[in-house]
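Colleague: Can you walk me through this one? I'd like to start with the charged side chains.

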Amino acid sequence: MAWIVLAFDGEDAEAPGRRAAARDRHIALITRMAEDGRLALGVPLRERDDRTAGSLMVLSGDAQSDLDAYLAEEPFAREGVWTRIDAMPGRIAPLPYRPLPGPGTPMPTARTHTVVLAMDGTDDTAVERRMAVRPAHIARARPAAERGELTFGCAVLDAPDGRMIGSVAVTAHATDAAARAFWNDDPYVTDGVWRDLRIWGTRIAPLPYRPLPSG
């Protein structure tokens with residue numbers, strides 16, 4: 001299991017300054033966490049106007065204590081950068097991902113990737129719809145991961161080790177339009193599994209990440 005942390009910055013005039021003031025401490029923490037295997041992925045969330053809206057952090061730990069310990073240590077949480085934190089249990093899809101950028105890789109200067117949060121319907125047949133088309137979704141995701149278009153994929157769960165109710169994914173698309181075009185052909189979209197889809201731009205800082213689950 002994993003923990004998906006979607007955390008959003010304040011929208012007041014001082015919000016960018018708070019993030020800038022805490023950024024170096026944030027980077028130092030997530031670098032240590034990536035190196036010791038506690039952090040599977042950490043990226044900023046950017047709106048269309050290039051404003052930083054928040055962060056996506058995916059923790060490798062499977063206990064509530066892992067999440068609590070991270071938030072207690074995270075400068076963005078402790079120093080008021082994040083004003084809303086949504087933490088959800090998740091399960092990283094084992095796929096043939098390409099390695100995430102590591103130390104020595106140049107830091108991107110512009111958006112390179114897209115984060116998608118896609119939640120399933122809440123009706124009585126939502127679970128059945130997902131399970132019916134899941135093999136086709138995985139069959140499409142596998143070659144996308146192999147060619148580097150799908151950088152990361154994770155199911156959102158309704159409880160630790162619970163049922164799947166959505167997905168978080170990162171794709172190598174530099175625009176919303178390119179990301180939407182990719183997902184519009186996915187069975188989870190064409191067959192009505194995902195009912196609420198949000199998109200943010202991002203870039204991936206080179207950190208000493210351990211390999212993602214493969215399969």
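**Salt bridges and rings**

Modeller: The structure holds 16 salt bridges. A salt bridge is a side-chain nitrogen of Lys or Arg within 4 Å of a carboxyl oxygen of Asp or Glu. This is a predicted model: local features need pLDDT of at least 70, side-chain atom pairs count only at pLDDT 80 or more, and totals for chains, interfaces and linings use all residues. Residues are numbered from 1 along each chain as its sequence is written, and side-chain values use heavy atoms, leaving out hydrogens and water.

Colleague: Which residue forms a salt bridge with Arg 48?

Modeller: Asp 176, with the closest N and O atoms 3.0 Å apart. The pair links distant parts of the chain, 128 residues apart. Arg 48 is in the loop between strand E2 (39–46) and strand E3 (52–59), and Asp 176 is in helix H5. Helices (H or I, at least four residues) and strands (E, at least two) are DSSP runs, numbered from the N terminus.

Colleague: Is Asp 176 buried or exposed?

Modeller: Asp 176 counts as buried, at 12% relative accessibility. Arg 48 counts as exposed, at 70%. Buried means under 20% relative accessible area, exposed over 50%, partly exposed in between (1.4 Å probe, protein chains only).

Colleague: What about Arg 111 and Asp 176?

Modeller: Their side chains also meet in a salt bridge, 2.8 Å from N to O. Arg 111 lies in the loop between E4 and E5 and Asp 176 in helix H5, so the pair ties together parts that are 65 residues apart in sequence.

Colleague: Which residues of H5 are buried?

Modeller: Asp 176, Ala 179, Phe 182 and Trp 183. Seen down the axis of H5, they fall within an arc of 130° (taken from the directions from the helix axis to the C-beta atoms), so they line one face of the helix.

Colleague: Switching to rings. How many aromatic pairs are there?

Modeller: The structure holds 5. Rings of Phe, Tyr and Trp (its six-membered ring) pair if their centres lie within 6.5 Å; planes under 30 degrees apart count as stacked, over 60 as edge-to-face and the rest as tilted. Phe 76 and Trp 82 have ring centres 5.6 Å apart and planes at 75°, so that pair is edge-to-face.

Colleague: Where do Trp 183 and Trp 194 lie?

Modeller: Trp 183 lies in helix H5 (residues 176–184) and Trp 194 in strand E8 (residues 194–202), so their pair ties together parts 11 residues apart in sequence. Both Trp 183 and Trp 194 are buried.
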